[in-house]
Amino acid sequence: MPRSRRPQLALAALGLLTAGLILAFMTVGAKGNWDFILPFRGRKLLGLVIIAHAVACSTVLFQTVTSNRILTPAIMGFDSLFVLCATLLVTAFGSTAMAGFDPRLIFAANAILMVAASMALYRWLFRDGTEDLHRILLIGVVVGILFRSLAEFLQRMLDPNEFMVLTDMMFASFNAVPLDLLGVASLLVGLVTLWLIPRLPRLDVMALGRPVGINLGLDWRRETMAVLIAISVLVSVSVALVGPILFFGLMAAALAHLAVGSSAHRHVLPAASLIAVSLLVGGQMLLERVFAFDTALRILVEFAGGIIFITLLVARGRR
């Protein structure tokens with residue numbers, strides 16, 4: 001197979017696989033009134049597609065900015081910030097009052113808080129005109145530990161019933177995507193995607209590294225800030241919808257690079273998105289039709305992602 005055609009053929013195959021899984025998800029085991037079944041499954045499918053696309057794209061973009069294929073946005077403490085926000089809300093208002101809040105208000109609060117926190121962190125780190133990404137990662141790890149420690153401290157003070165409610169909020173569940181939030185989530189993810197399309201060549205330049213990018217005329221500081229903000233929006237949407245996810249994006253990005261055999265973002269980004277959609281839609285279909293909800297998709301996804309993460313670490317150590 002000519003190397004130049006491999007990405008196109010891989011994307012075509014992934015597209016057919018994704019389309020087949022989507023068709024199967026919508027039709028397999030469907031009995032009764034189709035006027036009810038199709039809209040019901042369609043809304044669930046839309047949620048899975050949004051989450052998969054947001055997680056896959058945010059991971060690929062973060063790996064581009066950091067020039068490291070084993071890192072994910074979770075390293076910046078987003079998951080820990082979500083846990084802390086949820087803990088503060090339950091501590092301040094209680095589970096009964098939380099149940100009466102508009103879910104869109106809670107979603108907006110989580111998304112705005114995470115985007116604002118990330119933007120404040122990036123502006124503070126870049127205030128002196130330097131872009132030390134290793135320092136960003138180190139501070140992200142420290143901040144994540146701080147958020148997690150504060151959350152655990154507050155959780156120990158909660159009533160057991162309140163703690164059970166909080167645990168349910170923090171556990172990622174692809175089967176319980178809030179349907180009333182899909183409109184806002186779709187809009188945000190769609191806007192970021194449209195913003196990324198004309199910037200794919202710039203992302204390819206960024207992947208070459210800071211010195212090469214600057215020599216080629218790229219405004220590194222501005223582009224890095226813009227991409228990090230886009231990552232913040234995508235991560236905020238996915239975390240606010242289903243909670244913390246550690247290794248799913250890493251798995252989708254690694255499989256995308258392996259499938260297309262190219263580092264060009266016009267190939268890697270759609271491949272990662274298609275792979276992520278296939279994994280979530282296919283996994284959810286197996287969960288519903290084969291396991292009859294006897295296990296959680298999040299457990300299966302994180303288990304597979306953890307294996308890939310360990311494999312990448314071992315391969316990187318050998319090199």
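Among contacts in the protein between residues at least 6 apart in sequence, what percentage join residues at least 24 apart? The share is 78%, where contact denotes heavy atoms within 4.5 Å. The structure is a predicted model, in which local features need pLDDT of at least 70 and side-chain atom pairs count only at pLDDT 80 or more, whereas totals for chains, interfaces and linings use all residues. Residues are numbered from 1 along each chain as its sequence is written, and side-chain values use heavy atoms, with hydrogens and water left out.

The secondary structure comprises 13 helices and zero strands, with helices (H or I, at least four residues) and strands (E, at least two) taken as DSSP runs numbered from the N terminus. Of the 319 residues in the protein, 48% are buried; buried means under 20% relative accessible area, exposed over 50%, and partly exposed in between, with a 1.4 Å probe and protein chains only. The accessible surface amounts to about 15,700 Å², and carbon and sulfur atoms account for 68% of this area, as computed by the Shrake-Rupley method with a 1.4 Å probe, where for residues only the protein chains shown count as cover.

In soluble globular proteins, nonpolar side chains tend to be buried together. The largest nonpolar core in this model has 74 residues, and those with the most contacts inside it are L203, L241 and F248; such a core is a set of buried Ala, Val, Leu, Ile, Met, Phe, Trp, Tyr and Cys residues joined through side-chain atoms within 4.5 Å. When residues up to four places away in sequence are not counted, L203 touches L61, T64, L196, V227, H265 and L269.

Helix α1 (residues 6-27) has 22 residues and reaches 32 Å from its first C-alpha to its last, close to the 32 Å expected at 1.5 Å a residue, the expected span being 1.5 Å times one less than the number of residues. Buried positions in α1 are P7, A10, L11, L14, T18, L21, A24, F25 and M26, and the cover over the buried residues of α1 includes α2 (34-66), α11 and α12. Following α1 is G29, which has a positive phi near 75°. Within helix α12 (residues 265-289) lies V281, which is buried at a relative accessible area of 1%. Apart from neighbours within four places in sequence, V281 is in contact with L21, I22, F25, L45 and L48. The C-alpha atoms of V281 and I22 are separated by 6.7 Å, although the two residues are 259 residues apart along the chain.

For helix α11 (residues 248-260), the 13 residues should span 18 Å at 1.5 Å a residue, and the end C-alpha atoms are 19 Å apart, which agrees. The buried residues of α11 are F248, G249, L250, M251, A252, A253, A256, H257 and V260, and α11 is followed by G261, for which phi is positive and near 60°.

Three salt bridges are counted, each requiring a side-chain nitrogen of Lys or Arg within 4 Å of a carboxyl oxygen of Asp or Glu. In one of them, E223 pairs with R202, with the closest N and O atoms 3.0 Å apart. Because E223 lies in helix α10 (residues 220-242) and R202 in helix α8 (residues 200-206), this pair ties together parts that are 21 residues apart in sequence. E223 is buried at 6% relative accessibility, whereas R202 is partly exposed at 36%. A salt bridge also joins R222 to D219, with a closest N to O distance of 3.9 Å; R222 is exposed at 53% relative accessibility, and D219 is partly exposed at 37%. The side chains of E223 and R222 likewise meet in a salt bridge at 4.0 Å, N to O. Through shared partners, R202, D219, R222 and E223 are joined into one network.

On the surface, L208, V212 and L216 form a nonpolar patch with about 280 Å² of accessible area together. Patches are made of residues with over 30% relative accessible area and no salt bridge, like charges being joined within 9 Å and nonpolar side chains (Val, Leu, Ile, Met, Phe, Trp, Tyr) within 5 Å.
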